[in-house]
2 protein chains.
Amino acid sequence: MNERSTAITLTDVAREAGVGESTVSRVLRNHGAVSASTRAKVEAVVAKLGYVPNRIAGTLASTGSRLVAIIIPSLSNIVFPDILTGVGPVLDTAGYQSVIGVSDYDSAREEALVASMLAWRPAALILAGLEHTAAATTMLRASGIRVVEILDTDGVGLDLAVGYSNRDAGAASARFLVGRGYRNIGYVGGDFSRDVRAGKRYGGFVETLREAGIALAGQQLMPHPSSIESGKQGLASLLAATELDAVYFSNDDMAIGGYFHAAAAGIAVPERLALIGHNGLDVARFAPQALTTILTPRRRIGAEAARLLLSDAPPGIHDLGFELMEGATA
Amino acid sequence: MNERSTAITLTDVAREAGVGESTVSRVLRNHGAVSASTRAKVEAVVAKLGYVPNRIAGTLASTGSRLVAIIIPSLSNIVFPDILTGVGPVLDTAGYQSVIGVSDYDSAREEALVASMLAWRPAALILAGLEHTAAATTMLRASGIRVVEILDTDGVGLDLAVGYSNRDAGAASARFLVGRGYRNIGYVGGDFSRDVRAGKRYGGFVETLREAGIALAGQQLMPHPSSIESGKQGLASLLAATELDAVYFSNDDMAIGGYFHAAAAGIAVPERLALIGHNGLDVARFAPQALTTILTPRRRIGAEAARLLLSDAPPGIHDLGFELMEGATA
DNA sequence: TTGAAAGCGCTAACAG
DNA sequence: CTGTTAGCGCTTTCAA
């Protein structure tokens, strides 16, 4: 293999094949008329030289790029990888590549990411939620590209939005617990100022309780990001301070932590304490007692977001709903 | 906001500021000498126009890109998001962006991804494992860029490798069980032809048992990718066929599934059945009985891979080791 | 059906 | 310290 480290260019291919550059470009892109013999000749040279087209140059010369920028809050919460798993195949099939950034639930960081991703002139951009800094919103609008906001439908979107109503999910959780007869209800969650959507669920939950004449009996907000560990600790702290018969967790990670605490502490679930989570993660669904939770269509949200991005669908909000899964914990 | 959808270019900024293009470029890149007054003038115009530099053009004009391509087998297994979480900050700090592709544990797909990522002329490429198709290897070598293979040190690397020995991890698991006095040992895992590293762990495990004069008493290989559900089913099937006192799982997802099965079926752990996993996931560490498992330094592997990529370190294998965590299940 | 030539927006010498 | 001038590798008219 005596390849030089300087990559082979289209010009090299053209020279070697004895044709013009535009002809090589035509066969490579399957666009425009090329005779069968010329095409064969070019393809042979491409294979022989191991030529890999330079997409950077291609993108600059043509109008749009085949890059889609995706900005998500976290990778530790499996919810986001799940969404990426939905996005991936749709984009691949259409010949797009995704550039991913992680904002760590920080809107200033999200803004910085928007700026740096826009510098790659992506064909479109996906980001989580409907709330962004003013500067991010301005840049997004000015960019003129398609924007899809995912995982939330409670509010006004920039362009396209695909998700479900977090307020409604919180409300449904409250209705379920109330319907089951629970009255001393507590909450364990993370920092709302960072996870806005968890805050919306909480809002819907508390409001629905209030409509039923019930006040939240206690709550524990953990400073750290949602995790099994903080759910476990959070429930322990909450129970030390308050008498409860049911607890709503901001998500399934926290809820499973709570479930583990109950199991370790010998608290009978749901007889002495009912637990309800959010997301419908595998770990919750296959636990010895399936967790009562709300299944959110994450893969579908990702796939639909990608599909819409590539379409010329009019701006609008697409609500994909959610499903309350009655398990054995509430 | 009367921005046109045609983006503002560096030329626009230069004209508006009344300076040359290279001067604008200099202040933007903080490179080369520029007087304070000129810099201020240019920065004002940049802000006023909301100019976002076009990295595509920048990359084409300069030598290298600031993209790093990352190809991982999956996003469903939290191991890979964990690695990305380690990679992210290091790359960000250095001003690099990552383009991510998911191979779905399919080497042909990995090969295709290598080709399409190379088309973006990344500065470097990260991929999992030491085994790749011949074509992928050839492309990688010919590209002349830095390559980091992660998560495995059992073999020969292309350039840089960062990970741990899967064979040794399997061997350590076997030694632990044997030392504890278990003799009727089974295995539950996924498809080795796809997950090569799980196969290496299995190899180390079985070989170490053999050295102790023990044959694997039974095994269950699941066709589907590793998951809590398949671990749960796998253990159920295995126990239906064989009398065992300990089971080794290819990873913690599977092991937690097994743990859930045992709990649901009323099997005393570890008295009647010992369980051991691999990876040290949160779900395993915070279960009511902490799972005995091997903690793998995933974040550190990601961070170190990124650090090496940006360095001019000589080719070589970096073994970051692992740690057997004695829990309450074996 | 094919080739020549003019950029895409930026960086990088090279003068001044 | 600053401006001019070539390209980077490809796509895309426009002629032939």
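I am working with a predicted model, where local features need pLDDT of at least 70, side-chain atom pairs count only at pLDDT 80 or more, and totals for chains, interfaces and linings use all residues. Residues are numbered from 1 along each chain as its sequence is written, and chains are lettered from A and ligands numbered from 1 in the order in which they are written.

The same surface serves both copies, as 100% of the contact residues of chain B recur in chain A.

I took two residues as in contact if their C-beta atoms, placed from the backbone, lie within 7 Å. The contact takes 47 residues from chain A and 47 residues from chain B. On the chain B side, elements that each supply at least two residues include α5 (79-93), β2 (97-102) and α10 (228-241). Helices (H or I, at least four residues) and strands (E, at least two) are DSSP runs, numbered from the N terminus. By class, I list 26 nonpolar, 14 polar and 7 charged residues on the side of chain B that touches chain A. Here Ala, Val, Leu, Ile, Met, Phe, Trp, Tyr, Cys and Pro count as nonpolar, Asp, Glu, Lys and Arg as charged, and the others, Gly among them, as polar.

I checked β2(A) against β2(B): they run antiparallel and are joined by 3 bridges (strands pair if DSSP finds at least two bridges between them). Ser98(A) has Ile100(B) as its bridge partner.

**Entry 5, DNA strand D.** I counted 28 residues around DNA strand D, with Leu10(A), Ser22(A), Ala61(A), Gly20(B) and Ala33(B) the closest. Near means that the C-beta atom, placed from the backbone, lies within 6 Å of the strand. The largest share of this surface, 5 residues, comes from α2(A). I sorted the surface into 11 nonpolar, 14 polar and 3 charged residues.

I find α1(A) and α2(A) packed at an angle of about 105°, with their axes 8 Å apart. The contact includes Leu10(A) of α1(A) and Val24(A) of α2(A).

Definitions and conventions: Axes fitted to C-alpha atoms, helices over the stretch in contact; angles between N-to-C directions.
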